[in-house]
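This briefing goes through a two-chain assembly by topic, from the overall build of each chain to single residues. Please keep the sequence and the coordinates at hand while reading.

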Amino acid sequence: MLYFSKLRILFITLFSVLFILIASSNLFKFDDNFFDKKINLGLDLQGGSYLLLEIDNEPVIEQKLQNLTTTIRNYFKEKNIKINNIKIENQYIFFNVIENDKQFVLEVFQDENSDLNPYYPRFKSHQLEIEDTGLNFKVNFSRQGLIKLKTSSQDQAIEIVRRRVDEVGTNEPNILKRGNNRILVELPGLDDPMRIKSLLGKTANLTFRFVTNDENDRFGVEKLKFENGLEEATVSKRIIISGENLLDAQPKMDTQNNQTIVSFTLDRVGAKRFGKATSTGIGKQLAIVLDGKIISAPVVRDTIASGSGQISGGFTFQTATDLALLLRSGALPAPLEIIEERTVGPDLGQDSINAGMIALAIGFMLVIIFMFVKYKIFGLITNITLIVNLFILLGVLTLFEATLTLPGIAGIILTVGMAVDANVLIFERIKEELKDETNTILAFDGGYTKSRTAILDANITTLLAAIILFFMGSGPVKGFAVTLGVGIFTTLFSVYFIARLFTSIYISRNKDKEKLI
Amino acid sequence: MIAFNKYYNHFNLLSSLLIVVSLLLLIFKGLNFGIDFKGGTLIELRASDSKINVGSLRDRFNQMDLGDVSVKKFGNDTDFLVKFENKDNKKKIIEEIKVNLDKSFGNNYDFRRVENVGPKVSAELLKSGVIAISLSLALMLIYIWVRFEWQFSLGAILALFHDVIVTLGVFSLFSLEINLSIIAAVLTIVGYSMNDTVVIFDRVRENLRKYSDIKIFELTNISINETLSRTIITSATTLLALLAIYFFGGEILKGFSLAMILGVVFGTYSSIYIANTVLVRLKVSQKTVLREDEKK
């Protein structure tokens, strides 16, 4: 156990120096890519905002079912089958057909090549499930169909969220999927997420629809409130143009009346439709509806064929800017709700770093003094090992560009406290061995060998706890699991290679000394 | 040699009492869950005006109809921690509060930290916390079961339960807040307590093989003494590190380090006075170990 070949010594030295160098790259700027790695600071240390958004899929499901009723009706119409009494209730579509057609309808829904009801061979499941209740047919999304729907609305939503966050221009945002209906947004350095929160809270569904008094409008009508919440207007459900037709939107100052407005440009389809609607609807009120509320309802005075226009609605410059941004980035497929928010100001982050570093320095000093007083020369060996261990730990964290959090710093300090355990186990064992063994080298060898199972046991138990914490914990706590877990490996390395190397050098030079340890 | 075994019965009684009291506390008083597990809003506020104090803040917040509001000093005199349920999960609550505070205090305050946890998320966090602790206990059980004879496993697990229950009991008694970092602390305590027990058990087993004529009552005492200096040094250095975190690591880590300190103290104690007494009560002998050795 005590013999080291030259090659091994070289390897240990190189390995340690390498990691010390990597660790020190946090302090200096290297041109070399390999060394230009840094430990990431968690949001709790650098300050920033963590937002967990949940997609409310209910309206999407509702909308999809609504569309399906039309599709089903048209599909069977072509096959000369009449669909009766089709309606939606509690997220089910109900409909009737005459007795003779029942078999055919069922077959269509269960056909694996059906275009009406897509089949997912991988999951052995259709998109829709159909059930014959005797009275009528009952159709809803299958489990897989629902999952597909959720992931697709999540895909769309994350794209829109990304665009909106990018437009605001925060540095290095981190936007990730969580499960199949959540989106995690991390915004480092942002100490007031108010604006982003309000931007993400809006679906930004924009439509242009005529105000009507005709209750029998072919497309149906609905009563909508104005943005100010006071007035109401009856608006046709017929959509002239929607947000999808917008190419661009910008906040502008209307020089005539000194109002802030949002000017927009339409795509070709939109421009055509807008032109037609404004030519036939002169004198009528055109309501601009955003998320179910009327922003304004100006009277159409002229045909607008240019494909551009403007929205006014008593905006301040800020609200106009935000509306333009929302319109540019597009509408969310479904409303988002912020279900968790954690924001740390940058000065608190800095305070946490300082406190963490002071605690680390003091904890480290206390342990080092304690070990030196208790073990003298072997305490010194332990202490050198401890220092190298700390650097290797930081090196590993740097190499993997791990995220350091405040609990993570606590994990490092705790590692310092617990890292001496292995060395102490060995030294205490050596002391015992020396009582019966006169050959010091054999005694040392025995000390290392016999303490091994206890050391392994001790570290495996801690590692198990760290692993569970890593997989179950969230956010900052995960950082604790990382430093604690990595700390176990670096500790074992430094105890079995570095400390043992120093120990072997020391005793081979002092083997005849009376009291070694 | 210190006669630890002289007090086996006394301390068993004490531990049983501690466990019973802790369980009663946990059942009847319960734990003081923070917003991580209960849902709600937390604001850490720093004031630059002496007019802002716990009283004036409480007045202001109580007028805002936020339900149950708690205002406490946080560390020094200028920092405050405000917590409330945010029952209706109002979206613009933070903005409203800012507007409201501006009216009375102007610009003389600053939100240093804002946390808002919805009811769905807090329920999930609580669930995953319970799963994490149960899973770690189960894994430790499996590990020790593979490594040692069942009598040892029972001793180690009882010690483990003791440490976790009593630590949580102390948190209940003093109404200390349970948040995510406390779960991390409890898991680390589980690891540490196991680690400490295993080191002594390792020695007990080794001694059982070595001496056939020493009774387990004596033998555990010998083993405890042989590993005593390691026990003391390791818990001392760990405690030194934890005390450094407690006193210098800032307010946020206080609860975490306190839980760990308690855990290390209880863990060290239970390795000696619970884990070993189980071996004595189950009359573990050389045969127990040798029988197991033969099987392998």
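How many helices and strands does the secondary structure of chain A come to? In this predicted model, chain A holds 14 helices and 21 strands.

**Overall form of chain A**

- The radius of gyration of chain A is 35 Å, whereas the globule rule gives 24 Å for 517 residues, so the chain is more spread out than a compact globule.
- Of the 517 residues in chain A, 41% are buried.
- When contacts in chain A between residues at least 6 apart in sequence are considered, 68% of them join residues that are at least 24 apart.

**Domains**

- In chain A, the domain assignment gives domain 1 as 6–47 + 345–510, domain 2 as 49–55 + 151–200, domain 3 as 58–146 and domain 4 as 206–335.
- The centres of domain 3 of chain A and domain 4 of chain A, taken over C-alpha atoms, are separated by 36 Å.
- In chain B, the assignment gives domain 1 as 4–34 + 121–295 and domain 2 as 40–117, and the centres of these two domains, again taken over C-alpha atoms, are separated by 40 Å.

**Contact between the chains**

- Across the interface, 54 residues of chain A are in contact with 57 residues of chain B.
- On the side of chain A that touches chain B, at least two residues each are supplied by β20 (336–344), α9 (346–375), α11 (406–436), α13 (452–472) and α14 (476–510).
- Sorted by class, this side of chain A has 32 nonpolar, 12 polar and 10 charged residues.

**Strand β20 of chain A and its partners**

- β20(A) pairs with strand β5 (residues 109–117) of chain B in the antiparallel sense, over five bridges, and within β5(B) the bridge partner of A:E340 is B:V117.
- β20(A) also pairs in the antiparallel sense with strand β2 (residues 48–55) of chain A, over eight bridges, and here A:E54 has A:E337 in β20(A) as its bridge partner.
- Because seven of its nine residues are buried, β20(A) is largely enclosed by the rest of the structure.

**Nonpolar cores**

- The largest nonpolar core has 206 residues, and those that touch the most other members are A:I413, A:L469, B:A156, B:V186 and B:L187.
- Helix α7 (residues 180–210) of chain B gives the most to this core, contributing 17 residues.
- A second, separate core has six residues, among them A:I72, A:I93, A:F137 and A:V139.
- Once its neighbours within four places in sequence are left aside, B:A156 is in contact with B:I144, B:M194, B:T197, B:V198, B:F201 and B:A275.

**Individual residues**

- A:N80, in the loop between α3 (58–78) and β3 (84–89) of chain A, has a phi near 60°, which is a positive value in a residue other than glycine.
- With 7 C-beta neighbours inside 10 Å, A:N80 counts as exposed.
- A:A204, in the loop between α6 (194–200) and β11 (206–210) of chain A, likewise has a positive phi in a residue other than glycine, here near 65°.
- Is A:A204 buried or exposed? With 20 C-beta neighbours inside 10 Å, A:A204 counts as buried.

Key: Residues are numbered from 1 along each chain as its sequence is written. Chains are lettered from A and ligands numbered from 1 in the order in which they are written. This is a predicted model: local features need pLDDT of at least 70, side-chain atom pairs count only at pLDDT 80 or more; totals for chains, interfaces and linings use all residues. Domain bounds come from an automatic or database domain assignment. A nonpolar core is a set of buried Ala, Val, Leu, Ile, Met, Phe, Trp, Tyr and Cys residues joined through C-beta atoms within 7 Å. A residue is buried if 20 or more other C-beta atoms lie within 10 Å of its own, exposed if 12 or fewer, and partly exposed in between; C-beta atoms are placed from the backbone. Helices (H or I, at least four residues) and strands (E, at least two) are DSSP runs, numbered from the N terminus. Two residues are in contact if their C-beta atoms, placed from the backbone, lie within 7 Å. Ala, Val, Leu, Ile, Met, Phe, Trp, Tyr, Cys and Pro count as nonpolar, Asp, Glu, Lys and Arg as charged, and the others, Gly among them, as polar. Two strands pair if DSSP finds at least two bridges between them. The radius of gyration is taken over C-alpha atoms; the globule rule is 2.2 Å times the number of residues to the power 0.38.
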